Amino acid sequence: MNRILIADPGKSSVVMTSEVFKDKMPGTLVDVALTGLQCLELLPLNTYDMIVLDFDLPDTDGVTLTKIIRKDFNGPILLTAYPEAIVDHAINKELFAYHDSTSWVPKPVKFDILAEKIEMFLINKLRLYK
């Protein structure tokens, strides 16, 4: 059984993301954090197979949080964000070494796009590093 951590303050994004995981990988357990701090508090309490972070959390940004999480977590980290040039630039500039994080998912989250990322990074275990 897979366990996923979603850090996103948006209820609709959390619901859609959770549903994709539950449909693609039945039995998946989903934990939710509304802030970066909550995400960091949950990390040592469970073993996660994948983490999904919103780029724009109330207390931090997804790029900064990814860098902190990478110190202890080797699994895939996907970022979600509204498509803007500044988001794409920040992710690709700061996280260029991580193929999972630079393959970010645009918001609103669409089933097919997220399902493809789950297939690549969680099911097929595509390498995280470019």
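Predicted model: local features only at pLDDT ≥ 70, side-chain atom pairs only at ≥ 80, totals over all residues.
Visitor: In what order do the elements of the protein run from the N terminus on?

Guide: Helices (H or I, at least four residues) and strands (E, at least two) are DSSP runs numbered from the N terminus. Here the protein has 6 helices and 5 strands, in the order β-α-β-α-β-α-β-α-α-β-α. Its radius of gyration is 13 Å, close to the 14 Å that the globule rule gives for 130 residues, so the protein is as compact as a globular protein of that length. That radius is taken over C-alpha atoms, and the rule is 2.2 Å times the number of residues to the power 0.38. The C-alpha trace spans about 35 × 30 × 30 Å along its principal axes.

Visitor: What percentage of the residues of the protein count as buried?

Guide: Buried means under 20% relative accessible area, exposed over 50%, and partly exposed in between (1.4 Å probe, protein chains only). By this criterion, 46% of the 130 residues are buried. Contact means heavy atoms within 4.5 Å; among contacts with a separation of 6 or more, 69% come from residues 24 or more positions apart.

Visitor: Why does Asp31 count as buried?

Guide: Asp31 counts as buried because its relative accessibility is 15%. This residue belongs to strand S2 (residues 29-33). A polar contact is a pair of N or O atoms within 3.5 Å; within protein, one must be able to donate a hydrogen and the other to accept it, and residues adjacent in sequence count only if both atoms are side-chain atoms. The side chains of Asp31 and Arg3 form such a contact at 2.9 Å. Beyond four places in sequence, the contacts of Asp31 include Ile4, Leu5, Leu42 and Tyr48. Leu42, in helix H2 (residues 36-42), is 11 residues from Asp31 in sequence and 8.3 Å from it in space, C-alpha to C-alpha. Leu42 also touches Leu5 and Tyr48, among others.

Visitor: Where are Phe55 and Arg70 found?

Guide: Phe55 is in the loop between strand S3 (50-54) and helix H3 (62-69), and is buried at a relative accessible area of 16%. Its contacts beyond four places in sequence include Thr60, Val63, Thr80, Val87 and Ile91. Arg70 is in the loop between H3 and strand S4 (77-81). Arg70 is likewise buried, at 11% relative accessibility, and its side chain reaches the backbone oxygen of Gly75 at 2.8 Å.

Visitor: Which peptide bond is cis?

Guide: The bond from Lys107 to Pro108 is cis, with omega near -5 degrees. Pro108 is placed in the loop between strand S5 (105-106) and helix H6 (111-123).

Key. Residues numbered from 1 in each chain as written. Heavy atoms only, no water.
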